[in-house]
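Visitor: I would like to learn how to read a few features of a model. Please take them one at a time.

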Amino acid sequence: MEDNEEVGEEYLFKIVLIGDSAVGKSNLLSRFARNEFDTNSKATIGVEFQTQVVEIEGKEVKAQIWDTAGQERFRAVTSAYYRGAVGALVVYDISRRTTFDSIKRWLEELTIHCDTTVARMLVGNKCDLENIREVSIEEGKSLAEEEGLFFMETSALDSTNVQTAFEIVIREIYNNISRKVLNSDSYKAELSVNRVSLVNGAGSKQGHLNFSCCS
Ligand SMILES: Nc1nc2c(ncn2[C@@H]2O[C@H](COP(=O)(O)OP(=O)(O)OP(=O)(O)O)[C@@H](O)[C@H]2O)c(=O)[nH]1
Ligand SMILES: [Mg+2]
């Protein structure tokens, strides 16, 4: 029966990474998806995504994580980036206060472009840089509470909490969707729309979208 083939692919969650340039979004993704870290990573241009399979309550969940440029001039068409997203990691760098000050702006952008429930986590990355910390854990926690976000400090460099941060978001998405009655026809339709909108198809593990830069 055709439906049986669909079972393994029932859950495809699009998660977006946002935050200022150089906070470590691309390295959080490479640490999570490939267990890699790059000390000399270049600023992202356009959009990339990676798919990672995670098991939740015995079910196979595909997390498709999208990464874009923090730098305005390299960012691809914003609405396409956010389309269909059900989770977001909003990232700052604990050693650069300006990146923490930008968080409210990133949250506004998320609200403008996403209409469905989005599982959101505030991520203070580079917690290995304790000696040059500019944002305390308490400040991170209290902003997260104020805005109703999960909160975690991470280090893509030494792996602290990277897996956990993604898994908490994925689990929350799963919970949100369960609440929406998983098997309703309208939700299934929503999922297939998400699939169709991907340039490289949901089956591919990596991909990118070639938008022209907004100069
Ligand atoms: N010490 C430390 N350095 C990190 C960490 N994560 C990333 N970096 C470094 O920070 C710099 C920027 O990292 P990226 O992952 O490229 O940052 P990004 O947020 O993707 O930047 P854009 O693509 O420009 O938006 C690189 O030199 C990384 O090696 C971390 O957890 N700790
Ligand atoms: Mg990047």
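Visitor: Which strand does β5 pair with, and in which sense?

Guide: Two strands pair if DSSP finds at least two bridges between them. In this predicted model, strand β5 (residues 119–125) pairs with strand β6 (residues 150–153) in the parallel sense, over four bridges. M121 has F150 in β6 as its bridge partner. Strands here are DSSP runs of E of at least two residues, helices runs of H or I of at least four, numbered from the N terminus.

From β5 the chain passes through helix α6 (residues 137–147) to β6, a right-handed β-α-β crossover. Right-handed means that, with the strands pointing away from the viewer, the path from the first strand over the helix to the second runs clockwise.

Visitor: Is A119 buried or exposed?

Guide: A residue is buried if 20 or more other C-beta atoms, placed from the backbone, lie within 10 Å of its own, exposed if 12 or fewer, and partly exposed in between. A119, in strand β5, is buried because 23 other C-beta atoms lie within 10 Å.

Visitor: What does A119 touch?

Guide: Contact means C-beta atoms, placed from the backbone, within 7 Å. Leaving aside residues up to four places away in sequence, A119 touches V86, G87, V169, E172, I173 and N176. A119 and I173 are 54 residues apart in sequence, yet 5.8 Å apart in space, C-alpha to C-alpha.

Visitor: Which residues of α7 are buried?

Guide: An α-helix has 3.6 residues a turn, so residues three or four places apart point the same way. In α7 the buried residues are V162, A165, F166, V169, I170, I173 and Y174.

Technical notes. Residues are numbered from 1 along each chain as its sequence is written. Chains are lettered from A and ligands numbered from 1 in the order in which they are written. This is a predicted model: local features need pLDDT of at least 70, side-chain atom pairs count only at pLDDT 80 or more; totals for chains, interfaces and linings use all residues. Two residues are in contact if their C-beta atoms, placed from the backbone, lie within 7 Å.
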